[in-house]
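Visitor: I would like to learn how to read helices and their packing in a model. Please take me through one.

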Amino acid sequence: MLEASDEVLYTAWCQGDASAGNELATRYGGQLARFFGNKVPDVAEDLTQRTFLACMTAPQELRHSFRALLFGIARKQLLRHFEGRGMLRGEEMMSEISIADLRTTPTQRIAQDEETDLLHRALAALPMDAQIALELRYWRKMSAEEIAEILGLSAAGARTRVHRARALLRERFEALGQGRPMPEPVEP
């Protein structure tokens with residue numbers, strides 16, 4: 001039996017099929033939880049639930065993929081989270097302020113691997129949109145078109161954002177690692 005596509009499930013969910021929504025939550029709940037967990041671990045579960053709720057209560061046309069739509073909504077939920085706490089004032093700040101800048105208490109975990117710890121710290125020091133672009137490209141393996149939809153850019157703009165974010169990540173990594181070269185990311 002063929003597995004239903006995300007798009008078919010989303011359409012069915014929007015038409016009231018709860019089992020289709022459950023299937024989408026099974027497919028993407030863990031990815032969303034990790035997406036939020038890298039940024040706001042204390043409220044990752046709540047933001048994951050809010051993202052699915054927003055996805056269902058305000059059905060939208062799929063331009064590229066359900067995944068792009070879902071992570072676009074997740075990004076907006078993250079923005080609302082920080083705006084609601086007075087930590088951000090508008091979407092443009094996501095291109096300038098990092099998660100590390102917004103944290104009020106140190107939340108770094110003791111890393112078993114120093115290189116992984118350096119990479120996580122360098123990633124957290126990036127402006128949020130740069131961090132999100134890299135995560136979507138390398139961890140979620142999204143296309144430039146999907147990233148463009150999520151960030152509200154053209155596909156060329158999304159590719160440029162990823163390229164610049166990689167260069168900035170390398171710079172931050174090497175500064176934190178006192179000149180240690182950053183490992184090259186694996187292309188999806």
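Visitor: In which helix is the place of Q131?

Guide: Q131 has its place in helix α7, residues 128-139. Helices here are DSSP runs of H or I with at least four residues, numbered from the N terminus. This is a predicted model, in which local features need pLDDT of at least 70 and side-chain atom pairs count only at pLDDT 80 or more, while totals for chains, interfaces and linings use all residues. Residues are numbered from 1 along each chain as its sequence is written, and side-chain values use heavy atoms, with hydrogens and water left out.

Visitor: Does Q131 count as buried or exposed?

Guide: Buried means under 20% relative accessible area, exposed over 50%, and partly exposed in between, with a 1.4 Å probe and protein chains only. Q131 counts as buried because its relative accessibility is 2%.

Visitor: Which residues does Q131 touch?

Guide: Contact means heavy atoms within 4.5 Å. Not counting residues up to four places away in sequence, Q131 touches N38, K39, I99, L123, A124 and L126.

Visitor: Which residues of α3 are buried?

Guide: An α-helix has 3.6 residues a turn, so residues three or four places apart point the same way. In α3, the buried residues are A44, L47, T48, T51, F52 and C55. They lie on the same side of α3 because they cover an arc of only 140° around the axis, the arc being that of the directions from the helix axis to the C-beta atoms. The face turned away from the buried side of α3 carries the exposed residues E45 and T57.

Visitor: What covers the buried residues of α3?

Guide: The cover includes α1 (6-14), α2 (18-37) and α4 (66-84).

Visitor: At what angle do α1 and α2 pack?

Guide: Two packed helices are described by the angle between their axes and the distance between the axes. For α1 and α2 the angle is about 135° and the axes are 8 Å apart. The two helices are therefore oblique to each other. On the α1 side, D6, L9, Y10, A12 and W13 meet A20, G21, E23, L24, R27 and Y28 of α2.

Visitor: How many residues of α8 are buried?

Guide: Helix α8 (residues 144-151) is mostly covered, with 7 of its 8 residues buried. Among them are I147, I150 and L151. What covers the buried residues of α8 includes α4, α7 and α9 (155-176). Just after α8, G152 takes a positive phi of about 70°.

Note on methods:
Axes fitted to C-alpha atoms, helices over the stretch in contact; angles between N-to-C directions. Parallel < 35°, antiparallel > 145°, perpendicular 65-115°, else oblique.
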